[in-house]
Amino acid sequence: MLVRDLVEDCASSEFDEDLAITPDQPCHANGASVTLACAGTIGGPPSNQCSGGSWAFPMATCDVWSCTPPVIGDAVTLTPDKMSYTTRETVTYGCDPGYNLIGSASASCDSQDSWNPVTVPICSATCSTPVIDNGALSSTGPFGDGDTTSVTCGSGYSLASGSSSTISCTNGAWSEIPECFLICNVPGVTNSDSASADTIPHGGTKDVECNPGYSFDQMTTFSLECTDGAITGVIPSQCYQDCTLLTSPTNGKVSGEDLHGETATYSCDRGYLLNDTETVTCNDGTWSDTNTPTCHRKSLENSIVLFCNTDKFIVEMPLLLLEENANVNSVLLGNCSGSTLDSEYLYANSSYNDCGTTMEVDNVNRKIIYRNELTSVDNGPVTSVEAIHLNIECVFDQENTISSSAVVQNSLDKNLAETGSYKLSFGIYTDDTFSTEISGSDVIETNDDLVVLAQVVDVANLDVYPVKCYATPDEVPAATTYDLIINGCSVSTYATGLSTSEAGVENPHLAFDSKAFRFTASGSDTIYFHCDLRICPLGDCPLSTNCGGSRRRRDIAGSNLVVSKHVSAGPIKLHHSASVGTDSSVHGS
């Protein structure tokens, strides 16, 4: 080869060492062409030609790099999964089953350890499609993180009042999924603001208001609430018309409401008597009787009224019966004079143990009868020839009911009646002053003094007879009892000093002394006292001759006494003790 020919060859070593040269040989003859390739990024022409010992085109460059694997999160997969990636190599991202990919699905190694795109996607859990009873979803799955859908209910069903129909998927879990409940159907109510049928969703409310001048069951507003198809509250069948206001009769008045179903009552002023229907009823705008009754003045004898209070008689009498001679001494009640007056009436009164009042006991009918009479003084006239004479009775029923009657004789032949009640008290006290009653919250010691007291309140000239008194550890008498008094006689050292009323005592009573004791068999720390009592006239309650020291000593054999009242008092609470002395305990029977 000529030296000149060698000078015109071109060497492969002049190219970037990272370039692949084809043909791959050290030298290339003048005019020869080569193809250039790069495993990375080629800079310059991909081919060249040898021209007179040099390459005809600018020399190309080759940039080559690698990338480490991208850092991925939980549930993210990488394909291919290698330790290193070459220039421009691409990876594909994926997710484990049950997850959705959020972000780019692939990336390439664009420069040394640099992926494009830089952000690595994440995998979020998917939400399974929920089952909606009596309803459905507005869209189908799959549902990924952040996806939303709506719940719609089937016919006759609705969501709870105020609940949202939209649900959202967050990290594999749904927000609260609403339920579909039965709706409530409300029928139309005539004469109301809800004349047409309506519905109420579950948990919803509705007010039905009657139109002005209408009502149902004496109400005008009805609140309804729906609970899964069931309505709470009253649904009116309809609203009924109110009645017009009634006119009060002359010398009288009318009371009551004018709503449908209500009853109005006519009444007359003092001294007047109603001569027609006393009550009328409103029926959908029409009164049962549209005629207004009248009040006419009572006859003088019909104007006399007797009141039997718990402590005294009261007779109310028109002054006109006494004509122009009326004064505080115009009448006698028994052997007592002195009355009170107002502009129209005279009032005569007496306690049951005064003014010659007598008392009778009816053991057959179990009644105590107080009697007296009211007469005009010096035959004061009713008319020009007749005098006033009233026989008065107040009857106490031994079952705690008082009735009364007055029979007006001669010119005033009239029966009057009235009812009331008396009080019977029973308690346990610390001493015989009866000033401190032992309450259920007090705790006492065994052997402490006790005084048992039973009395009739506000009625005099009575006695209280103990048919039987006993103690129990429990409030309700049962198997364990301890007798204290039988037929007016003490049968225990825990019932001493038995006493009953003296004549004229304001509050008739029975009393006896006791001491706090304990029932050993039951282990109870409480005592209850019980008595079966008979109420009778003073002096007619026999105490047994076996009760030495008793005030009255009469046998009850053959008497007609009947137990009329059972009373109880307690509990008496005892201070708890681990051991009980024999002097303060009983066994009971």
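The model is predicted, so local features need pLDDT of at least 70 and side-chain atom pairs count only at pLDDT 80 or more, while totals for chains, interfaces and linings use all residues. Residues are numbered from 1 along each chain as its sequence is written, and side-chain values use heavy atoms, with hydrogens and water left out.

**Salt bridges**

A salt bridge here is a side-chain nitrogen of Lys or Arg within 4 Å of a carboxyl oxygen of Asp or Glu. The whole structure has 8 salt bridges.

Select D198 and K206. Their side chains form a salt bridge with an N to O distance of 3.1 Å. Is K206 buried or exposed? K206 is buried, at a relative accessible area of 17%, and D198 is partly exposed at 32%. The classes are buried under 20% relative accessible area, exposed over 50% and partly exposed in between, with a 1.4 Å probe and protein chains only.

Next, select E360 and R371. This salt bridge has an N to O distance of 2.4 Å. The pair links distant parts of the chain, with E360 in strand β42 (residues 358-362) and R371 in strand β43 (residues 367-376), 11 residues apart. Strands (E, at least two residues) and helices (H or I, at least four) are DSSP runs, numbered from the N terminus. E360 is partly exposed at 34% relative accessibility, and R371 is partly exposed at 29%.

Move to K468 and D483. Their side chains meet in a salt bridge at 3.7 Å, N to O. Here too the pair links distant parts of the chain: K468 lies in strand β50 (residues 462-472) and D483 in strand β51 (residues 482-486), 15 residues apart. K468 has a relative accessible area of 31% and is partly exposed; D483, at 25%, is also partly exposed.

The charged end of K468 sits over the ring of Y470, 5.1 Å from the ring centre. The criterion is NZ of Lys or CZ of Arg within 6 Å of the ring centre and within 35 degrees of the ring normal.

**An open sheet**

Show strands β17, β18, β20 and β21 as a cartoon. These 4 strands form an open sheet in the order β17-β18-β20-β21, with antiparallel pairing. Which strands stand at the edges? They are β17 (135-137) and β21 (173-174); each has a single partner strand, so one side of each is left without a neighbour in the sheet. Two strands count as paired if DSSP finds at least two bridges between them.

Zoom in on β20 (residues 166-170) and β21, which run antiparallel and are joined by 2 bridges. Select T170, then A173 in β21, which stands opposite T170.

**Aromatic rings**

Rings of Phe, Tyr and Trp (its six-membered ring) pair if their centres lie within 6.5 Å; planes under 30 degrees apart count as stacked, over 60 as edge-to-face and the rest as tilted. The count is 12 aromatic pairs.

Select Y85 and W115. Their rings form an edge-to-face pair, 5.1 Å centre to centre with 75° between the planes. The pair links distant parts of the chain: Y85 is in strand β11 (residues 85-86) and W115 in strand β15 (residues 114-116), 30 residues apart. Y85 is buried at 0% relative accessibility, and W115 is buried at 9%.

For the last stop, select Y482, Y494, F517 and F519. These residues form one aromatic cluster.
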